[in-house]
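Hello,

Here is the structure I promised to pass on. Please open it first, then read my notes below.

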Amino acid sequence: MNKPALRIIEGGLPPLWKAEKEFVSAYITDTRLMGAMTMYVCWDIPGRSEEMMLHQFFYFDAEEYGFDTYKSIAGNDTESVARTEQELMGGLGGSRSHISSREACSLLAEYADFNKEHGIELPGDTKEYIFMLENAFSDPLSAEEKNALLNKTCTPVKSEYHLINYFLMRCLGKDHKGAAYLCEGFDPSSVFPDVPMCTMCRNASDPADPPHVSRDDPAKDSSSQSVFICQSLVEYDKKYSILVSRTEVHNMKVTDCRLQSSMQISAAEAAMLLSRSEFITVYEIMASVKDMEKYTYDLAAGTIVTIHDNGKLMMSFNENNDHVNKRIFRLSEDVFGLYYITDFGQFIVSSHSLKNIRKMEDVISSGPLAALLLPVAKYEFKEPVLYEFIQSDYDNFEEFMEDLEPEE
């Protein structure tokens with residue numbers, strides 16, 4: 001008699017990616033015009049343990065990498081969610097715009113298509129978000145809904161300087177969809193056709209109106225026709241160039257932009273254009289460096305942390321991207337300040353802004369760190385030196401300063 005064939009029946013709950021999901025909430029950072037965004041989506045998993053959630057994070061790059069990063073957290077570990085959120089959003093600035101599940105699925109599909117068009121592999125475990133791509137295909141947004149979603153991803157433009165800086169940034173990053181959002185009446189891909197994709201490190205915009213027309217505050221009269229001459233410092237493959245363009249603005253839209261000239265410059269010349277003052281305060285740590293970890297937790301939670309040979313750097317970013325809304329734009333001005341803990345036992349605070357470093361000092365003096373730190377020196381430099389110290393073989397900033405100063 002033949003034995004019956006054995007058949008294995010799976011028991012228990014299905015894997016998370018197969019489980020039913022109910023949409024809870026989602027948001028997108030309004031940083032599309034900076035070239036990158038982070039999207040967060042939260043799903044409830046019915047039938048699982050109490051408060052079983054799936055938290056998903058998506059990082060989108062509009063210039064080169066498309067759907068670049070995916071991270072997920074199953075459960076309700078709020079600390080892990082906050083840490084992942086800071087990791088992917090900490091350097092973006094901007095605000096969060098609430099979006100629907102359909103909008104979230106549409107955004108994901110848009111950048112998944114970007115990856116497909118550019119031959120870029122989708123990140124992470126695709127099984128966890130494939131259902132969102134299927135939802136976007138089965139229930140697509142209308143043209144009007146897509147436009148409303150695009151508005152949610154873009155911060156409001158506050159002035160003509162704001163408009164021009166974002167527009168040039170998008171054009172130079174070859175993000176023509178982002179540039180098209182800011183212009184009217186012409187194709188933005190025609191602006192810099194022979195310039196490779198590059199980073200705009202600095203831009204200065206000066207009104208080119210006749211002398212009798214006052215343009216002291218271009219933001220005051222957004223309905224008039226304005227012409228600006230823009231000098232942009234761009235970097236590509238560690239090479240620098242100055243691009244001079246003529247940009248026309250009407251009704252807070254760029255209506256024309258033409259490259260007038262370009263000139264390659266040396267790294268030293270670029271450094272001079274990008275150079276800014278740096279304020280540094282040095283503290284001696286009156287406890288072990290390990291003991292400092294728990295007292296700097298709150299500072300680290302709001303920063304991007306990197307480990308170096310002689311210490312740990314914590315980079316704090318501004319809460320918004322208002323540095324774009326200036327006549328002279330510098331890409332580096334999104335950084336609020338730096339904290340550096342050396343293995344030697346020094347705590348160094350740095351900022352390009354006197355106002356910012358005073359705020360950083362106030363946070364230290366009014367918190368638990370005050371009992372562990374002794375201020376020993378303050379410096380003002382005409383150009384940045386902290387990174388030079390971090391990359392040096394020194395572990396004591398004062399010794400570094402002694403050798404940095406020229407002999408008489």
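Which strands does helix 5 lie across? Helix 5 (residues 160-172) lies across strand 6, strand 7, strand 8 (239-250), strand 9 and strand 13. Helix 5 runs at about 140° to strand 6. Axes here are lines fitted to C-alpha atoms, for helices over the stretch in contact, and angles run from 0 to 180 degrees between N-to-C directions. Contact means heavy atoms within 4.5 Å. Helices (H or I, at least four residues) and strands (E, at least two) are DSSP runs, numbered from the N terminus.

Some ground rules. This is a predicted model: local features need pLDDT of at least 70, side-chain atom pairs count only at pLDDT 80 or more, and totals for chains, interfaces and linings use all residues. Residues are numbered from 1 along each chain as its sequence is written, and side-chain values use heavy atoms, leaving out hydrogens and water.

Now the whole chain. The protein chain has twelve helices and 16 strands. Of its 408 residues, 47% count as buried, meaning under 20% relative accessible area with a 1.4 Å probe, protein chains only.

Five strands make an open sheet in the order 9-8-7-6-13, and the pairing is antiparallel. Two strands pair if DSSP finds at least two bridges between them. Strand 9 (253-265) and strand 13 (328-330) are at the edges; each has a single partner strand, so one side of each is left without a neighbour in the sheet. From one strand to the next, the twist averages 20°. Strand 6 (residues 199-207) and strand 7 (residues 226-236) run antiparallel, joined by eight bridges. Pro207 stands opposite Phe228 in strand 7. Helix 7 (residues 267-274) also lies across strands 6, 7, 8, 9 and 13, at about 135° to strand 9.

There is another open sheet. Its six strands follow the order 11-12-14-15-10-16, with antiparallel pairing. Strand 12 (residues 311-317) pairs with strand 14 (residues 335-342) over seven bridges. Met314 has Tyr339 of strand 14 as its bridge partner.

Last, a helix pair. Helix 2 (residues 101-117) and helix 3 (residues 130-138) pack at about 100°, with their axes 8 Å apart. They are therefore roughly perpendicular to each other, a label for angles of 65 to 115 degrees. Ala104 and Leu108 of helix 2 are among the contact residues, as are Met132 and Leu133 of helix 3.

Best wishes

Definitions and conventions. Buried < 20%, exposed > 50% of the residue type's maximum accessible area, 1.4 Å probe, protein only. Parallel < 35°, antiparallel > 145°, perpendicular 65-115°, else oblique.
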